[in-house]
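Please consult the sequence and the structure shown below.

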2 protein chains.
Amino acid sequence: MSITEDVIEGARRARVAGRDLALATRATKDAALHAMADALLAREDEVVAANDDDVRRAEEGGTPANIIDRLRLTPDRIAGMAQGLRDVAGLPDPVGEVVRGGVLANGLELRQVRVPFGVVGMIYEARPNVTADAAGICLKSGNAVLLRGSSSARSSNAAIVAVLRDAVVGAGLPADVVQLVPGDTHDSVKALMRARGHVDVLIPRGGAGLIRSVVEESTVPVIETGVGNCHVYVDAAADLDKALAIVLNAKTHRTSVCNAAESLLVHEAVADAFLPRVVAALQEAGVTLHGDRVFGGYDGVVPATDDDWSTEYLSLDISARVVPDLDEALEHIRRWSSQHSDAIVTEDQAAARRFVAEVDSAAVLVNASTRFTDGGEFGFGAEIGISTQKLHARGPMGLPEMTSTKYVVVGDGHVR
Amino acid sequence: MSITEDVIEGARRARVAGRDLALATRATKDAALHAMADALLAREDEVVAANDDDVRRAEEGGTPANIIDRLRLTPDRIAGMAQGLRDVAGLPDPVGEVVRGGVLANGLELRQVRVPFGVVGMIYEARPNVTADAAGICLKSGNAVLLRGSSSARSSNAAIVAVLRDAVVGAGLPADVVQLVPGDTHDSVKALMRARGHVDVLIPRGGAGLIRSVVEESTVPVIETGVGNCHVYVDAAADLDKALAIVLNAKTHRTSVCNAAESLLVHEAVADAFLPRVVAALQEAGVTLHGDRVFGGYDGVVPATDDDWSTEYLSLDISARVVPDLDEALEHIRRWSSQHSDAIVTEDQAAARRFVAEVDSAAVLVNASTRFTDGGEFGFGAEIGISTQKLHARGPMGLPEMTSTKYVVVGDGHVR
C-alpha cells in the first residue's frame with residue numbers, strides 16, 4: 001500500500017471508531033483518560049527507552065541541544081503528560097452541550113447542540129508530549145484523531161500511541177480513535193491534506209513554514225495555529241513602571257512561544273523617559289534590540305529593517321520603534337502584526353478603547369503581557385493550539401472549539 | 001489591468017472601507033439599510049430596465065422559462081428586496097456582542113466579543129435579489145462584501161449595486177463596502193478563490209458544481225452551502241398520517257430548494273400499510289418515484305440505481321426504499337446523505353433518540369418536515385445560506401454566523 005492509501009485506510013477506520021466515541025458517555029471517556037494516564041505511568045520505561053532512541057539519533061545527526069531538550073522525555077515529563085490527561089478528564093464534556101434552544105412560534109422545539117467533528121488530523125513537530133495532549137483533548141471532545149508527529153520523535157510517538165491505544169481498548173473504546181499516521185516523509189502530510197471527506201479538520205501546530213504549506217495545499221478544512229508576531233505599544237499615557245514590567249515579561253518570560261512579544265512600539269512623548277530604562281533592562285536580560293533611528297541612538301542597538309518588523313524571532317531579540325502617535329502605532333500593527341496578540345500600555349481610557357476596537361487580532365490586551373494569550377491562563381483547562389484564523393475558532397482553542405454543532409428539531413407532524 | 005488585479009484591487013479597497021464599517025454604530029448601519037431600501041424603491045425603474053436587458057438576453061439565448069422567471073425583477077420583487085433590508089435593520093447587531101466573559105483568578109478581565117470577518121466574497125447564481133440580501137446581511141454584520149453574481153444577471157446586479165452604493169454613501173459609510181466583482185467569465189471567480197489575505201471568507205451559493213469547485217480550489221477559507229440530499233425515514237412506530245403529510249410536504253412544498261426531501265426510507269413493518277398510500281399521494285402530486293424492488297411493485301414506479309440514492313433531484317422526483325430496520329435506515333443515511341437535513345417519523349422515543357444521536361447532519365428532525373431547516377423558520381430573521389460544513393457554522397447562517405470573535409484582556413500591569 002502507498003502511504004496515501006495507508007492514510008486513507010487509517011482515516012476510514014477512524015471514521016468507524018469515531019462513531020462509537022461520539023456516542024460514548026462522559027463517564028466512559030473520563031475512565032479512558034484516566035486509564036491512559038495510568039498506562040503512561042505504568043509503562044514509563046517503555047516510553048523512555050523509545051525516546052532514548054530518538055534522542056540518540058538526534059545527537060548523532062548533530063541536532064542543536066535546545067531541540068534535543070524539547071525532544072527528551074523524562075519520568076517527570078511523562079508524569080506531566082499523565083496529569084494533563086487527568087486534567088482533561090476533569091473538564092466538562094463539550095459534546096451534547098445545548099448552545100441555544102427554545103420553542104418556535106409553531107410549537108417546534110429547536111436545539112443547537114455540540115457534536116464532535118468526527119476525524120481530526122494533527123500535524124505537529126518535535127515535542128512528543130503533544131501526542132498525549134492531542135489524544136486526550138480529541139478523545140474528550142469525541143473526535144478520532146490521526147496524529148502525524150515529526151520523524152525525529154517517531155520512536156517516542158509510536159511508544160506513546162501504543163500505550164494509549166491499549167488503555168483506550170481497556171476502557172471499552174475502539175483503539176482506532178487514536179492512531180499514529182505512518183510515514184516519516186512529507187508524503188503522509190500530503191495524504192492528510194488531500195483526505196477531504198475522510199478527515200474533517202486538520203490542525204497544524206509548528207513553525208510558520210509547516211502552517212503555511214498546510215493552509216495553502218490542504219483541501220481538508222484547516223484551523224491555522226500559532227504564528228505570533230506580537231506587539232507591545234507603550235502609549236503617551238502609559239504608566240512606565242507597568243510598561244517596563246510588561247515589555248520585559250512579554251519578551252523574556254519564555255522566548256520560544258507564539259505569545260512572546262517580538263516588537264516594541266513607544267509613543268514619542270515618553271521616548272526620552274522610557275527608552276533609557278527599557279533598553280537597559282532588555283539588554284541586561286540578554287535581549288538584542290533591532291531599533292529604528294531613535295532606538296539606534298543607544299549603544300548595542302542594531303538597525304532594524306522591514307524584515308525585522310515582520311519577524312517572529314522566538315529568541316532574545318525584539319524590534320523597536322518610536323511612533324509619533326496612536327494612529328501610527330495602529331497603522332504599524334495593521335501592517336505587520338500576525339494578528340495573534342497585541343498589547344497597549346496606557347492609563348488613557350480613550351486610547352485603550354480605540355486600540356481594542358481597531359486592532360484586529362485574536363487577543364487584544366490592555367496593561368497586560370501578551371504572554372496571557374493561552375488556554376491555561378484563560379481558564380480553559382486544556383488547549384490544542386492558538387488559532388490565528390477568523391473562521392470557527394480564534395485565539396486559544398479548548399474543548400468546545402474542538403466541536404461542531406447540529407440542530408435538533410422536534411415536532412409532532414409539523415409541515416410548512 | 002487583468003481581472004485578477006481588478007479583484008485584488010477591489011478587495012484592497014474593501015479592506016480599507018471595511019475598517020470604517022467595522023467601527024460603525026448600529027444606528028449608522030441601520031440608517032444605511034433603510035436608505036438602501038428607500039433607494040431601491042425610488043430607483044425601481046432603473047433596476048427594472050436593467051433587468052429587462054438581462055431577461056431579453058436570456059430569452060434570446062433560449063434560457064428555460066423557469067430560469068427566466070427566477071431572473072425577472074418585478075416591482076413586487078423589488079419591494080420584497082427593500083423589505084428584506086428593513087428586516088435586517090430590525091435585527092440585533094452581532095458586532096460587539098460579548099460571547100463569554102468574566103474575571104480571571106489574577107484579576108484580569110477577559111471578554112470574547114464578536115467582530116466582523118472583514119472582507120467577504122459571495123459567489124452566487126441567477127437570482128438578482130441575492131445581491132441586495134447579501135449586501136444587507138454583510139453590512140449589518142460589519143463586513144465589506146465582494147459580490148460575484150452570475151453573468152446572466154449582470155445588468156440587474158450592476159444596477160442594484162449602483163443604487164445600494166449611492167445609498168451607503170448617503171448614510172455616511174464608504175461606497176466600497178459593497179462592490180460588484182468585475183468580469184463575466186470564470187476568471188473573477190478564480191481570482192476570488194486565490195485572494196488569500198485579501199478576502200477573509202468565501203461563500204458560494206448555487207449548484208453542486210459551483211460549490212465543489214470553490215471548495216476544492218479556494219485557498220481563501222470557504223463556508224460551503226446548500227447541497228441537500230435530504231431523507232425522510234418512516235419508522236416502524238410512525239404515525240402514518242403524520243408520515244404521509246411530512247413526506248408530501250418535504251417533497252412537494254417547493255422542489256427546487258436544498259431542504260426538499262430527495263429520498264424516502266420506509267421500515268418494512270409498515271410497508272404494506274404505508275406504501276399504497278404514499279405512492280398514490282406522491283403520484284397524484286406529480287412525483288415520480290425511483291424505487292427499490294418493493295416500491296417497484298407499484299405501477300409507475302421506476303427502478304432506482306445507486307445514482308438515485310445520491311441524487312439531489314430538485315424536481316418532482318424521489319428515491320424510495322424499504323429498509324428492514326432502523327440500523328439499515330441509519331446506514332443508508334450515513335452512506336448517501338449530504339448531511340444537510342434528515343428526518344425520522346416515529347412515535348417511539350428510543351428510535352427518535354437513536355436517530356438524533358447517530359445521524360450526523362446539520363439538522364436532524366423528528367416528526368417534522370425537512371423544509372423547516374431554514375433561517376426564517378428557525379427565527380434568525382435573515383439567512384445568507386445553509387452551511388453543510390462542520391467548521392465555523394453548520395445549518396442556517398444568520399448574522400452571528402457572519403462574524404468572528406476576538407478576546408479582549410484588560411489588566412493593570414499584569415505579568416506572568
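Strand 3 of chain A and strand 6 (residues 201–205) of chain A pair in the parallel sense, over five bridges; two strands count as paired if DSSP finds at least two bridges between them. Helices (H or I, at least four residues) and strands (E, at least two) are DSSP runs, numbered from the N terminus. In strand 6 of chain A, A:Pro204 is the bridge partner of A:Ile123.

Strand 3 of chain A also runs parallel to strand 4 (residues 144–148) of chain A, and five bridges join the two. Here A:Gly121 has A:Leu146 of strand 4 of chain A as its bridge partner. Together with helix 6 (residues 129–140) of chain A, strands 3 and 4 of chain A make a right-handed β-α-β unit. A crossover is right-handed if, with the strands pointing away from the viewer, the path from the first strand over the helix to the second runs clockwise.

## Basis of the model

This is a predicted model, in which local features need pLDDT of at least 70 and side-chain atom pairs count only at pLDDT 80 or more, while totals for chains, interfaces and linings use all residues. Residues are numbered from 1 along each chain as its sequence is written, chains are lettered from A and ligands numbered from 1 in the order in which they are written, and side-chain values use heavy atoms, with hydrogens and water left out.

## Burial of strand 3

Why is strand 3 of chain A largely enclosed by the rest of the structure? Six of the six residues of this strand (residues 119–124) are buried, where buried means under 20% relative accessible area, exposed over 50% and partly exposed in between (1.4 Å probe, protein chains only).

In a regular strand the side chains alternate between the two faces of the sheet. On one side of strand 3 of chain A, A:Val119, A:Gly121 and A:Ile123 are buried, and on the other A:Val120, A:Met122 and A:Tyr124 are buried, so that both faces are covered.

## Positive phi angles

A:Asn367 has a positive phi of about 55° although it is not a glycine. A:Asn367 lies in strand 13 (residues 363–368) of chain A and, at 5% relative accessibility, is buried.

A:Gln339, also not a glycine, has a positive phi of about 60°. A:Gln339 is found in the loop between helix 13 (326–336) and strand 12 (341–345) of chain A, and is partly exposed, with a relative accessible area of 30%.

For A:Cys230, which is in no disulfide, the nearest cysteine sulfur is that of A:Cys258, 6.9 Å away. A:Cys230 is buried, at 0% relative accessibility.

B:Cys138 is likewise in no disulfide, and the nearest cysteine sulfur, that of B:Cys258, is 18 Å away. B:Cys138 is buried, with a relative accessible area of 0%.

Key. Disulfide = S-S within 2.5 Å.
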